[in-house]
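Student: I have not worked with this protein before, and I would like to go through it step by step with you.

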Amino acid sequence: MSRVLAVDIGGTKLAAALVDEAGSVSRSATRPTPRTDVMSALADLIGEVSGGESAPEAAGIGCAGPLDLAKGTVSPVNMPSWRDFPVRDEVRRLTGLPTVLAGDAQCFALGEHWLGAGRGSSSLLGVVVSTGIGGGLVIDGVPLLGPTGNAGHVGHMTVDPYGEKCECGGRGCVERYSSGPNLARWALSNGWKAPDGSPADARALARDATAGEPVAVAAFERGARALAGMIASTAAATEVTSVVIGGGVSAAGPVLFEPLARALDDVAGLAFVRAVRVQPSTLGVRAALAGAAKLAWDYSRSAS
């Protein structure tokens, strides 16, 4: 049976799998991302997954960005040992396979469109709400990557032009209001204290918000409103019909999704914007790997 090699590269975890045309995984493995010599760890991982199997048809890579598609290089913010690292060519050299690269959030969106919550949608926005906020667009079944491969960078859309300075250098970015660390930062600055023994992070904040703690609830409402502004703006610009939200913060469940629905109802005006369907990821951590596989399948077919 024909398969492709899918690779998902993040700051905390490396994952690889062999995936058939229906999306079924025959072999997979993960390991922590080392601080240095990441390529050696990735080579070992690929060897573990590919050993003893017939050669895959192609390889697809989803990697944290920024990236440069023309050069096939990546400079992940949370992987300081990789700056302008030629990951596409390194994997191609290692495997001998036709190899294609995209951002990890773009692969998340493509995976959800192929096998997950966005299956069958004509146009989809995938959003990963975690330590940062990533995004990807799939229009008419095709990922929108952009000239350098950084399209869909919705975490750095401005939702308040007079707002807080963002770590990216911009101002009022949705990430500054809605990412996990920034939810907790705002809550702490407004009097919230994590339960004894718990880290003061978004997970503890979500538990307190579920229990009705006022500052925790307000933090999620504030973050949800920024997400709603970004979603409404993206829908107005691209006419996406479906939005799928994943990432660690999405596990907060109703304390995120209920205020998000209310905020969207308030900020969205045009009928086609109000019609957007927002739902949580159904693939979870598997979405980016599924998207990398779909990327490889599409690439191998276009090249044949």
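Student: How many disulfides does the structure hold?

Tutor: Please keep in mind that this is a predicted model. A disulfide requires two cysteine sulfur atoms within 2.5 Å, and the sulfur of Cys168 is 3.7 Å from its closest cysteine sulfur, in Cys173, which is too far for a bond. Cys63 is likewise in no disulfide, with the nearest cysteine sulfur, that of Cys107, 9.6 Å away. For the structure as a whole, the number of disulfides is 0.

Student: Is Cys63 buried or exposed?

Tutor: Buried means under 20% relative accessible area. Because the relative accessible area of Cys63 is 0%, this residue counts as buried.

Student: What is the radius of gyration of the protein?

Tutor: The secondary structure comes to 10 helices and 12 strands. For 304 residues the globule rule gives 19 Å, and the value for this protein is close to that, so the protein is as compact as a globular protein of that length. The radius of gyration itself is 19 Å.

Student: What share of the accessible surface belongs to carbon and sulfur atoms?

Tutor: Buried residues make up 51% of the 304 residues in the protein. The accessible surface comes to about 13200 Å². Of that surface, the share belonging to carbon and sulfur atoms is 54%.

Technical notes. Residues are numbered from 1 along each chain as its sequence is written. This is a predicted model: local features need pLDDT of at least 70, side-chain atom pairs count only at pLDDT 80 or more; totals for chains, interfaces and linings use all residues. Side-chain values use heavy atoms; hydrogens and water are left out. Buried means under 20% relative accessible area, exposed over 50%, partly exposed in between (1.4 Å probe, protein chains only). Helices (H or I, at least four residues) and strands (E, at least two) are DSSP runs, numbered from the N terminus. The radius of gyration is taken over C-alpha atoms; the globule rule is 2.2 Å times the number of residues to the power 0.38. Accessible areas come from the Shrake-Rupley method with a 1.4 Å probe; for residues, only the protein chains shown count as cover.
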